[in-house]
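Please give me a guided tour of this structure. I have it open in a viewer and want to know what to select next and what is there.

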Amino acid sequence: MVRPPITTKSLLKIVGGGFERIADHRASNARISLKDALMSGFGMYSLKDSSLLEFDARREKDENLKKIYGLENVPSDTQMRTILDPVLPAGIKPIFKDVYEVVKQNGVLAQMKFLGHYLISLDGSGYYSSNKIHCSGCLERKNSKTGEITYHHQLLAGAIVHPDKATVLPLAPEPIIKQDGAQKNDCERNAAKRFMAQLRADHPDEPFIITEDALSANAPHIRELNQYNLRFILGVKAGDHAFLFEQVAQAQQAGRTTTYEITVKGVIHRFRFINQLPLNASNQDVRVNFIEYWEIKGNKTQYFCWVTDLTVTKLNIFELMRGGRARWKIENETFNTLKNQGYNFEHNYGHGQQNLSVNFALLMMLAFLVDQVQQLAFPLFQAVLQKEGSRKRLWQHMRALFYTLEFASLEDIFRALLYGYKVQGVVILGPT
């Protein structure tokens, strides 16, 4: 079977094709197409521009933008905001599935298999906050002392992670915003319901394990995971799950728990586990399998605890522990990367009155997905990233070449960075 190669050019073609499917809300004679406006926004995050003003300055060198991102007309910063504000975020989200399917067809997705499943780390994060600028979708937080209202945006992000890989594959995030006609704030729990429904609609037969923090280890959420045939590894805490921990203590006294310990490279891994305990007193029918884990390095001990619906044995408990600890990759390899590695996650590129803030967040996450796929599957990108030593350094050098020289593709920029390049001479335009 011939598998389609994954390149930067092929990924940009998928993204552009997805934008073309989105119906334009404007008159048919609009000079700048919706596809051009969306692709320009995506290009801004692909190039890691720090603001719309920086992107707008690139229009002086718009031939690179047109060639590389397939644009006919490049919008100004004001035009981009105006065009993208009314666009429904639901039109952008299917492109994440398009990229996923290509990664799967190429065979690269198999690298992320974990215990016969794909492990999804799920968590929420805020990306916008203001005391003045807001829209109908903004969440509101009122200061109890001053009465001042803070408006903010959050999203629930899920990414396929693997304990052995720094690369993550983000799925379509779910905005945490006030829903149409709602007076109350949206919340992470409701967003998780929408995320799971969309996940199963997009990937009805894919084997997934969801890993989340202790706030998700509640009976309604576990029932919803079961409803969508999603396996789980969820953190638990004694303070939040007193009944469960009391059941474990009683089982320990009765000799029904299993203790297991191994030493790997001088580190002691100590486990205690038991299967089929009720989660809490009021939901005795919700049964979970319980894992306690101590990591002992010299005189330092770390403690973790999870519940799962996967049967725990001595043969798989070490891997289940690694899966539970991989939950942090949504914070470390996703949110922290977006905040600190050039994506400017918490910078306000434009808020708008309708959907602009959410759309920019989706475009940023889509650019991050394309970068992660390249890092996982495109040898040229892997080589230039290794040479540059960090993403931030790569983005800086990529932007410098993009702004000063003409290129036909991002691949050519990567080749120039990897192998070097030579400029034949400088022609000065103007008086001598």
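A search of the whole structure finds 23 salt bridges, a salt bridge being a side-chain nitrogen of Lys or Arg within 4 Å of a carboxyl oxygen of Asp or Glu. Side chains of opposite charge can pair when their charged atoms come close. The model is predicted, so local features need pLDDT of at least 70 and side-chain atom pairs count only at pLDDT 80 or more, while totals for chains, interfaces and linings use all residues. Residues are numbered from 1 along each chain as its sequence is written, and side-chain values use heavy atoms, with hydrogens and water left out.

**Stop 1**

Select Lys 67 and Glu 406. Their closest N and O atoms are 3.5 Å apart, and the two form a salt bridge. Lys 67 lies in helix H4 (residues 62-69) and Glu 406 in the loop between helix H14 (391-404) and helix H15 (410-419), so this pair ties together parts that are 339 residues apart in sequence. Helices (H or I, at least four residues) and strands (E, at least two) are DSSP runs, numbered from the N terminus. With a relative accessible area of 45%, Lys 67 is partly exposed; buried means under 20% relative accessible area, exposed over 50%, and partly exposed in between (1.4 Å probe, protein chains only).

Next, select Arg 322 and Asp 164. In this salt bridge the closest N and O atoms are 2.1 Å apart. Arg 322 is in helix H10 (residues 317-325) and Asp 164 is in the loop between strand S4 (149-161) and strand S5 (169-170), which makes a link between distant parts of the chain, 158 residues apart. Asp 164 counts as exposed, at 55% relative accessibility.

Now select Arg 231 and Asp 309, a salt bridge whose closest N and O atoms are 2.8 Å apart. Here the linked parts are 78 residues apart: Arg 231 is in strand S8 (residues 231-235), and Asp 309 is in the loop between strand S12 (300-308) and H10. Arg 231 has a relative accessible area of 26% and is partly exposed.

To see a network of salt bridges, select Lys 93, Glu 174, Asp 186 and Arg 194, which are linked in one.

**Stop 2: His 117**

Is His 117 buried or exposed? It is buried, with a relative accessible area of 15%. His 117 touches Arg 231, and also Met 112, Pro 207, Phe 208 and Ile 209, not counting residues up to four places away in sequence; contact means heavy atoms within 4.5 Å. A polar atom of the His 117 side chain lies 2.8 Å from the backbone oxygen of Leu 115.

**Stop 3: Arg 270**

Select Arg 270, in strand S10 (residues 267-280). Arg 270 counts as partly exposed, at 33% relative accessibility. Its side chain makes a polar contact with the side chain of Glu 261, at 2.6 Å. A polar contact is a pair of N or O atoms within 3.5 Å; within protein, one must be able to donate a hydrogen and the other to accept it, and residues adjacent in sequence count only if both atoms are side-chain atoms. Leaving out residues up to four places away in sequence, Arg 270 touches Tyr 260, Glu 261, Glu 292, Tyr 293, Trp 294 and Ile 296. From Arg 270 to Ile 296 is 26 residues in sequence and 7.9 Å in space, C-alpha to C-alpha.

**Stop 4: helix H15**

Select H15. Seven of its ten residues are buried, so H15 is largely enclosed by the rest of the structure. Among the buried residues are Leu 410, Ile 413, Phe 414 and Leu 417. What covers the buried residues includes helix H1 (8-20), helix H2 (34-46), H4, helix H12 (356-377), helix H13 (379-388) and H14. Just after H15, Gly 420 takes a positive phi of about 95°.

**Stop 5: the cysteines**

How many disulfides does the structure hold? It holds zero, a disulfide being a pair of cysteine sulfur atoms within 2.5 Å. Select Cys 135: the closest cysteine sulfur is in Cys 138, 3.9 Å away, too far for a bond. Cys 135 is buried, with a relative accessible area of 9%. For Cys 187, the closest cysteine sulfur is also in Cys 138, at 17 Å, again too far for a bond. Cys 187 is partly exposed, with a relative accessible area of 32%.
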